[in-house]
Amino acid sequence: MKRTAAYLVRYALEQLKVSHTFGIPGVHNTEIYDELDKSELIEPVLVTHEGYGAFMADAVSRSSDSTGTLVIVPAAGATHAASGIGEASLDGIPMLVISGGVRSDSQFAYQLHDMDQHALMKPITKKTYKISRHDQVVSTIFQAHQVANEGEPGPVFIEIPVNLQLDKGEVGELPEYITPAPDLPAKQSEAITRAAKLLAEAKNPGIFLGWGAVDASDYSERIAEMLNAPVATTLQGLSAFNARHPLHTGMGFGPAAVPAAVNAFKNCDCLLAVGTRFAEIATGSFGVTVPDKLIHLDINPQVFSANYPAKVTLAGDAGLLLAALEQALAKQAICPKIIDIAGKIAQDKAAYIKQWLAHDSGDKVNPALFFQQLRASLDDDAYVIADDGNHTFLTAELMPCYRVKHFFSPTDFNCMGYATPAVIGTKLANPDSQVVGIIGDGAFLMSYTELFTAAARELGAIFTVFSDGELAQISQAQTTPYNKKTCSQLPNIKIKAMVEASGCQYLRIDNNSQVRWGLDQALALAKENIPVVLDVNIDYSKKTCFTRGIIKTNLKRMPLPTKARMISRALWRRV
């Protein structure tokens with residue numbers, strides 16, 4: 001039979017149970033959009049910018065079982081989307097990127113949008129494909145989906161020339177998609193036994209979880225309880241361990257961590273790290289001290305010993321390997337712990353919150369008070385998405401997460417402007433759940449145009465904007481070494497006007513006394529499918545542990561002449 005490539009794209013995506021596609025139609029993909037419009041299973045979503053569409057697709061993958069999918073025009077669509085694709089690549093998030101392509105049968109050079117997209121996409125995707133025949137379309141998309149989701153997940157790029165989309169070509173019987181059986185890791189019984197022995201003999205074992213551990217939280221909890229070991233997470237892995245668990249300490253465990261984590265890991269003599277690369281943010285700018293007895297489990301063996309040497313390495317799926325480790329630990333005599341670790345963690349957490357609540361925010365909103373009341377107002381399974389900035393680490397330190405994959409943030413690629421589109425993608429994928437974004441005013445400026453998308457689709461989500469008129473994380477980092485701020489103070493933006501122009505509802509919280517009212521109003525509107533921007537007059541005067549920690553770590557690491565120059569310059573400017 002004969003089919004167009006556009007039809008075959010729709011067929012393949014339906015087989016893969018893709019729920020939404022994101023992008024903008026153009027001359028090189030309108031046939032695909034026409035086919036998607038006929039689908040009863042797929043909803044094509046028009047975005048204002050392909051980069052924000054990529055953030056939406058990223059959020060769909062993080063918050064659901066569907067693989068986030070882009071349908072973009074070539075060249076400009078690909079370059080615009082590159083930031084979102086890069087974020088997914090470094091954060092290990094699966095994504096299908098389907099791009100139109102210039103005609104492959106043209107006699108003319110210099111076609112519109114003619115560029116080597118594969119050279120652009122190679123560094124930020126797991127694999128790229130260029131389809132040359134109709135009978136390759138379905139099998140290629142199936143294969144790309146598998147590549148995107150297997151091993152360490154990531155984006156995959158597929159280019160389909162426009163002539164194949166328009167013209168019919170011969171194809172055989174169309175196959176149904178069959179989910180491939182997962183590859184079982186090679187037998188690692190000796191390494192599992194060594195790891196179990198090291199953990200059992202340790203006097204002060206600790207556990208460090210990244211995003212790669214989110215689907216293995218039950219095993220992580222049981223192992224932590226067997227060892228009576230404190231558990232810290234990366235920023236991206238915040239949801240990998242229930243914050244209600246008495247052994248949960250918070251994000252990180254070095255100088256940039258909260259007191260509960262710093263104290264619990266102070267004498268750690270054996271660390272089990274799962275699904276983390278020990279990247280810069282996860283380690284507080286590489287400020288952590290990792291014990292010699294490091295057991296590193298990750299699906300990507302390239303991360304082993306990249307930054308910290310591992311005593312034992314376990315390559316493979318976290319769930320399968322932690323299940324085996326749990327069984328091996330059950331056969332070991334575990335070193336008894338005298339210290340009431342859980343009790344000390346609870347004390348440190350309570351003291352930290354008390355310290356924050358005691359901070360005088362004047363006529364602004366105290367972040368700890370805001371997050372306490374936000375957490376109390378939300379369902380346990382609400383999704384919270386933070387953008388990149390000072391608010392990210394306030395959220396990480398002050399907003400507990402109770403469900404797997406219900407908190408996420410741009411991490412290793414660190415894109416500002418992520419959360420507004422990601423809130424939209426999450427709400428589309430989870431229409432019955434509460435979805436809240438925590439967004440700095442600088443990040444909000446980058447992608448607020450997607451509020452038009454939220455309003456058009458009547459998405460009852462809450463976009464919380466922490467307003468202070470600065471790029472707060474950068475301005476705080478500038479103040480310490482430079483004693484001044486450069487290019488980190490925002491223009492006088494009129495958020496209310498921007499929001500009302502988009503068709504969304506605007507609410508303002510000026511001080512602590514208005515927090516409860518503002519949250520109640522926002523949640524009530526969201527329940528009626530009205531998107532709400534909650535403008536919060538936030539107090540950023542108190543620095544997070546993360547900010548203070550990384551400044552000290554980086555200053556300490558500098559060569560003495562550089563350190564002396566920076567300190568003397570700051571002192572001179574202060575005088």
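At roughly what angle do the axes of helix H3 and helix H15 cross? In this predicted model, the axes of H3 (residues 50-63) and H15 (residues 419-429) cross at roughly 45° and come within 7 Å. The crossing of the two helices is right-handed.

Let's look at the residues that meet there.

Now move to strand E11 (residues 248-251), where you will find threonine 249. Its relative accessibility is 2%, and because buried means under 20%, threonine 249 counts as buried. Beyond its neighbours within four places in sequence, threonine 249 is in contact with residues including Pro230, Val231 and Ala232, and also with Val258, Phe265, Ile345 and Lys349.

Most residues other than glycine have a negative phi. Phenylalanine 286 is not a glycine, yet its phi is positive, near 60°. You can find phenylalanine 286 in the loop between strand E12 (270-274) and strand E13 (294-298). With a relative accessible area of 34%, phenylalanine 286 is partly exposed.

Serine 305 also has a positive phi, about 60°, without being a glycine. Serine 305 sits in the loop that lies between E13 and strand E14 (312-315). Its relative accessibility is 39%, so serine 305 counts as partly exposed.

Conventions
Residues are numbered from 1 along each chain as its sequence is written. This is a predicted model: local features need pLDDT of at least 70, side-chain atom pairs count only at pLDDT 80 or more; totals for chains, interfaces and linings use all residues. Side-chain values use heavy atoms; hydrogens and water are left out. Helices (H or I, at least four residues) and strands (E, at least two) are DSSP runs, numbered from the N terminus. Buried means under 20% relative accessible area, exposed over 50%, partly exposed in between (1.4 Å probe, protein chains only). Contact means heavy atoms within 4.5 Å. Axes are lines fitted to C-alpha atoms, for helices over the stretch in contact, and angles run from 0 to 180 degrees between N-to-C directions. A crossing is left-handed if the near helix is turned anticlockwise from the far one by less than a right angle, and right-handed if clockwise.
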